Amino acid sequence: MLELVGVTKTFDGNTAVHPTSLEIPAAATTVLIGPSGCGKSTLLRMMIGLVRPDAGSVTFEDESLAPGNLISIRQRLGYVIQDGGLFPHLTARGNAGLLASYLGWSNQRIAERLEELTELTHFPGHGLDRFPHELSGGERQRVSLMRALMLDPDMLLLDEPLGALDPMIRYDLQTDLKEIFERLAKTVVLVTHDMGEASFFGHQIVLMRSGRIVQQGTVNELLHAPADPFVSQFINAQRTVLDSRNGVSP
Amino acid sequence: MKRGQGLIIALLVCAAGVAAWWLLPRADTIQVGSKAFTESVVLGDTLVQVLEEAGFEARHDRAEMQGQLAWLALNNGEIDLYIEYTGTLTEELLIDLDIQSDAQLDAALAERGLKRGPALGFHNNYALGMREAAADELGIRAISDLARHPELRIRFSTAFMARNDCWPTLRVRYNLPQQDVRGIEHNLAYTALANGSCDVTDVYTTDGQIEQLNLRVLEDDLGHFPAYEAFVLHRADLEERYPGASEALAQLSGQIDETRMTKLNAAVQYEGRQPAEAAASFLSDVLGGTYTAKVESKTEQLVRNAWEHLWLVAVSLGAAIVMALPLGVAAAKLPHFGQVILAGVGIVQTIPSLALLAFMIPLLGTGVQPAIVALFLYSLLPIVRNTATGLHSIPPSLRDSAIALGLPAKARLWRVELPMATRSILAGIKISAVINVGTAALGGFVGAGGFGQPIVTGLSRVDKDMIIWQGAVPASILALAVQGIFELAERRLVPKGLRSKPSG
Ligand SMILES: Nc1ncnc2c1ncn2[C@@H]1O[C@H](COP(=O)(O)OP(=O)(O)O)[C@@H](O)[C@H]1O
Ligand SMILES: [Mg+2]
């Protein structure tokens, strides 16, 4: 579906991404994981053309990303970031319908689509006319997701979409998201630094460290056949306090 | 943003319309001008009434012009006529030509498309004056008589002390022996004369004070002072454009002698008559017929000045908004060009506003245009800077979100970036508007009207009440009102979602 070949990126002399190749399979969820600053967001942003690789190429459905086709390719992708990235001057409805309205959809068509999406994302319908600052963090992320799904994109890119939520809301939204991904059979790339989240969502997990991919595979492969001591280190470091308690008691 | 866009377009259309209206010459009206002293204003009103009596449309909108502005306005064709003095032309305005004869003067005027009309009959020369009683007692009738009285205390206006055609040469010419000679402000010299603390001062031969203080004007028996003969100075094509105008003006020829002019000046300066009233009663006496003084009440004046002031502000601010918004966007989007833009409009702001107005005169003449252009330039910086700042302060994550959505640059600008910058942009416009209202008061110095007019007039008449109540106070109130209006507009125009701070 989407392929990165030999992409690199250096910011002000600091290399964020070393030559990297990665293939994103269709209708599956790929999770990018790794410690903070390892280049996950940069790699994701390359996929939607927010970062232009210094070398290598990004290909989306046999089309190589280039200035001439970026706009139309972006309209076939959905992108969600940590705090939602909602525009404060627009209501939830205005945010979700912004691109559709630019593309000339009638208000009626937008409203109908929004009805489907509120149901899908479990967003309370009466919240549609609220402004972002009048919504809770979880609601904001649901609006952001509706905005990403508005045109029924071929692929969803999510950069730590649950990172700023408190645990209960986070749990609800995790469940909802997974259900949505499965129901729509979407191609998804999700960035997280949480191993539990990665194993919950990911068909394929891509573990990164300092701008390089260390290992790529299923949770079981990472657990049982680590390609590098760092893989085990990273996974062990994420064992929760509760896990270790369980291990010690009775 | 729909509402904001509509507002901007409405502003544009208004600004263009108003600008066109102001800039079109009003063809069938004769424009009379005057300089910023009582006599000139009275005579300006006299010209208007004579022309109106003869059936012409005439207006005295460009009254009380400072310094050489009346001369400039006539040369530019902004006005058609005003009262000038021969000495002012030969000793000041055309001094470089070293004019020695009437023929030379007429030739020099013809070269500029100007023509001398009828002389009114009086000279407003420099002269020396004494109290009538004191002069009688000492038997002084002419300047040469002063040579016999070395003990006299003399107080001259500072200009008279300094001008080469005045005291420095007068003293030599008449061989005057007085030792107690000092420079002092002109009005103070009259006061000193009135209370007996000096004996002689310089006067203009038609000063209202001559009548008021009962002064004797000493005869210039050696003919030292240049002649300042009052006459109508008009555009050479006046008769061609308004056939019969010359004939109407010719009625004034020789009708006003020094005594009459002095009385007219005193009537305005000391009896509280309006210049137009004084002119009307004089004309009825001398020429017969009915002359009507269109005297504005204080309220009418206030209202007219307010409208003129608002036009200046509306046109210049409207144009500034139209120009500054794209400049602000460019400044935000194009880093290098942006620096140039911000530096450019910043430099304009460092020019003192009065100097900026003065720069405009050689380019645009006097009146409304130079004021509007100066105000326009002055209003650019706050709007450009606030637009650029507003766009810059949009969080990168939101800018990226708009890009990632697949909106092209133009749609991002209109649908996301400008609306998010509304608060900052409106604040910039508000700052510009308030500065503009204050600065527009300086328009009075170039004859642009508005609340600056009473300030300028009040300054030249030393009329504190006029400066404060007709000029400064209403201008301040207008500035506050404009600020209030923009604050209301902010409430309506700033998108609702931006009005209260996001809760974190
Ligand atoms: N726009 C940028 N300018 C400069 N440095 C950047 C920029 N974006 C990312 N970086 C740097 O690149 C590295 C990788 O960043 P990022 O991809 O955001 O990491 P992650 O998402 O894995 O935490 C970090 O060192 C970060 O500071
Ligand atoms: Mg990141």
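Reply: Let us begin with strand pairing. Strands of a sheet pair through backbone hydrogen bonds, either parallel or antiparallel. In this predicted model, B:Gly129 stands opposite B:Val217 in S9(B). The two strands concerned, S5(B) and strand S9 (residues 215–218) of chain B, run antiparallel and are joined by four bridges.

Me: Which residue of S8(B) does B:Gly129 stand opposite?

Reply: In S8(B), B:Gly129 faces B:Thr201. S5(B) pairs with strand S8 (residues 200–204) of chain B in the antiparallel sense, over four bridges.

Me: Is strand S5 (residues 126–131) of chain B mostly covered or mostly exposed?

Reply: Strand S5 of chain B is mostly covered, since five of its six residues are buried. For chain B as a whole, buried residues make up 43% of its 504 residues.

Me: How should I describe the overall build of chain B?

Reply: One may start with the secondary structure, then turn to extent and contacts. Chain B has 24 helices and ten strands. Its C-alpha trace spans about 100 × 55 × 45 Å along the principal axes. Of the contacts in chain B with a separation of 6 or more, 77% are between residues 24 or more positions apart.

Me: Into which domains is chain B divided?

Reply: The assignment gives domain 1 (26–123 + 228–287), domain 2 (126–218) and domain 3 (298–499). The C-alpha centres of domain 1 and domain 3 of chain B lie 38 Å apart. Their contact takes eleven residues from domain 1 of chain B and ten residues from domain 3 of chain B. On the domain 1 side, strand S2 (58–65) and helix H3 (69–75) of chain B are the elements that give two or more residues. By class, that side of domain 1 divides into six nonpolar, two polar and three charged residues.

Me: How does one read the interface between the chains?

Reply: The size of an interface is often given as the accessible area lost when the parts come together. Here the description rests on residue counts: the contact takes 22 residues from chain B and 19 residues from chain A. Helix H19 (396–405), helix H20 (409–420) and helix H24 (496–499) of chain B each supply at least two residues of the side that touches chain A. H19(B) gives the largest share of that side, seven residues. The side of chain B that touches chain A has 13 nonpolar, six polar and three charged residues.

Me: What is the strand order of the open sheet of six strands in chain A?

Reply: The order is S6-S7-S8-S3-S9-S10 in chain A, with mixed pairing. Strand S6 (77–80) and strand S10 (212–217) of chain A stand at the edges; each has a single partner strand, so one side of each is left without a neighbour in the sheet. Neighbouring strands of this sheet are turned by 15° against each other on average, direction ignored. Within the sheet, strand S3 (residues 29–33) and strand S8 (residues 187–192) of chain A pair in the parallel sense over five bridges. A:Val31 stands opposite A:Leu190 in S8(A).

Me: Which strands of chain A does H1(A) lie across?

Reply: H1(A) lies across S3, strand S7 (155–159), S8 and strand S9 (204–209) of chain A, and runs at about 155° to S8(A). H1(A) also gives the largest share of the shell around ligand 1, three residues.

Me: What else can be said of the shell around ligand 1?

Reply: The residues surrounding ligand 1 include A:Phe11, A:Asp12, A:Gly39, A:Lys40, A:Ser41 and A:Thr42. Strand S2 (14–24) and helix H1 (40–47) of chain A are the elements that give two or more residues to the shell. By class, the shell divides into three nonpolar, seven polar and two charged residues.

Me: Is B:Asp98 buried or exposed?

Reply: B:Asp98 is exposed, because 8 other C-beta atoms lie within 10 Å, and a residue counts as exposed at 12 or fewer. A:His122 is partly exposed, with 15 other C-beta atoms within 10 Å.

How values were computed. Residues numbered from 1 in each chain as written. Chains lettered and ligands numbered in written order. Predicted model: local features only at pLDDT ≥ 70, side-chain atom pairs only at ≥ 80, totals over all residues. Near = placed C-beta within 6 Å. Nonpolar A, V, L, I, M, F, W, Y, C, P; charged D, E, K, R; others polar. Contact = placed C-beta atoms within 7 Å. Buried ≥ 20, exposed ≤ 12 C-beta atoms within 10 Å, placed from the backbone. Pairing = 2+ DSSP bridges. Axes fitted to C-alpha atoms, helices over the stretch in contact; angles between N-to-C directions. Domains from an automatic or database assignment.
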